[in-house]
Amino acid sequence: MALRIRNRDARQLWLNSQGLATAPTGPLDLQAIIRKLGFVQLDTIRNVTRAHHHILWSRNQNYREPMLNRLLAKDRAVFEHFTHDASVLPIEFFPMWQRQFTRLSERLSRSDFYSTGLAEDEIAAIKARIADEGPLSTHAFDTKIEGKKEMWARPPHKKALDHMWYTGELSTSHRENFIKFYDLTERVIPDHHRDAQHEDAHQLDWLCRNALDRLGFGSPGDIQRFWAAASAKEVRDWTESRAHRLVPVELQTADGEWVKALAPEDIETRLAENVKPTSRLRILSPFDPVIRDRTRLLRLFGFDYRIEIFVPAAKRKWGYYVYPLLEGDRMVGRVELKADRKAGWLKLLNLWPEPKVKWTPARAEKLEAELCRLARFVGAEFIRD
């Protein structure tokens, strides 16, 4: 008989697994945070702070923005690549990422979108310049887009650089004002990580086990979406082959239904050690690991969230950049914020409590305290209403 996990226990286990159960204070171990999460998604938009900085700050508010690039560029403790999106991962995961290089290489070879239009010798010349001159960004090259400039159109040299990055020939050396600098992988990734070789089956097993470990529980689809480094069929086959090592569970959803899922062998121990989440109110990034899988978010918290940055203003239900609010183990609302770092202010544009959530003076004080913490993080001196 499947182990039944009540909705509140499931929410608390998920928050514990993702580092949001405890107050974000105490000594900072940045590598440990990233390792626990598995990866941290990168995003270019700096509405208040970029998503990767916000995600890390939410786990420990002693984090500061320059720390991540130092971990990448100086310490070589993380590397950049593609999960479901551009992300940073612990450097020790690199040997298990070889199948992702292969998968993306095969996918790109079938995609017209990534066709560079450059001859092989022209692509080789781009790589040769990097070999001779050191890390270069796209600004070091000047090929032009031919024809109509569409929204996602990119010049041929950018496509060539990204193609070599996706396939592992090039790696991110560092970033300057979030501009990526490409270098030869052998000059970025330490030899012992780059030279380690594992069979594809071993890599797949590692990816699936580590996804489920960080999820705490999930369907094959949840496991597949975590890294996005395996196909749905590969993950289904993995769950069937390891059925004797996985625990079937039934999860209670936010609306009271029960759905089937899988959990690690130690699920009962994890439930027994579940820490009740702090009552602190948290402003989360729209790209936070707890938020990004919208299906899981709705199932566990009953929180229907979509980011509307690409929705025309007149058609938005909420706003351009809206942040979920977490209090304890509940999503209690969402806020629209804007910051102007040069002027030194953070502005609260809108607040929407969730249905059935009473916005009490105590809750308002919690939000005010979190806004003050966020303002200090981004160097804002005051908050505007």
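This is a predicted model: local features need pLDDT of at least 70, side-chain atom pairs count only at pLDDT 80 or more; totals for chains, interfaces and linings use all residues.
Residues are numbered from 1 along each chain as its sequence is written, and side-chain values use heavy atoms, with hydrogens and water left out.

Let me begin with the salt bridges, where a salt bridge is a side-chain nitrogen of Lys or Arg within 4 Å of a carboxyl oxygen of Asp or Glu. In one, Asp329 pairs with Arg8, with the closest N and O atoms 3.0 Å apart. Asp329 lies in the loop between strand E10 (322-327) and strand E11 (330-340), and Arg8 in helix H1 (residues 7-17), so this pair ties together parts that are 321 residues apart in sequence. When I say helix or strand, I mean DSSP runs numbered from the N terminus, with helices being H or I of at least four residues and strands being E of at least two.

Are these two partners buried or exposed? Buried means under 20% relative accessible area, exposed means over 50%, and partly exposed is in between, using a 1.4 Å probe and protein chains only. Asp329, at 6% relative accessibility, counts as buried, whereas Arg8, at 45%, counts as partly exposed.

Another salt bridge joins Asp162 and Lys158, at 3.3 Å from N to O. These residues are 4 apart in helix H7 (residues 156-166), and are therefore separated by about one helical turn.

Asp222 counts as buried at 3% relative accessibility, and Arg296 counts as buried at 4%. Asp222 and Arg296 also belong to a network of salt bridges that includes Arg225 and Asp293.

On a 1 Å grid over the protein atoms alone, a cavity is a set of points where a 1.4 Å probe fits but cannot get out, a pocket is an open set with protein on both sides within 12 Å along at least five of seven lines, and lining residues have an atom within 4 Å of a point. The search finds 4 cavities of 30 Å³ or more, and the largest cavity has a volume of about 120 Å³, where a volume is the space filled by probe spheres set on grid points joined across faces, edges and corners. Among the residues lining the largest cavity are Asp222, Arg225, Asp293 and Arg296, together with others including Trp14 and Phe39. Which helix gives the most to this lining? It is H11, with 3 residues.

Turning to the pockets, the second largest pocket has a volume of about 370 Å³. Its lining has 17 residues, of which Phe301, Gly302, Met331, Glu354 and Pro355 lie nearest the centre. The largest share of that lining, 3 residues, comes from E11.

Finally, helix H5 (residues 98-109) has several buried residues, among them Phe101 and Leu104.
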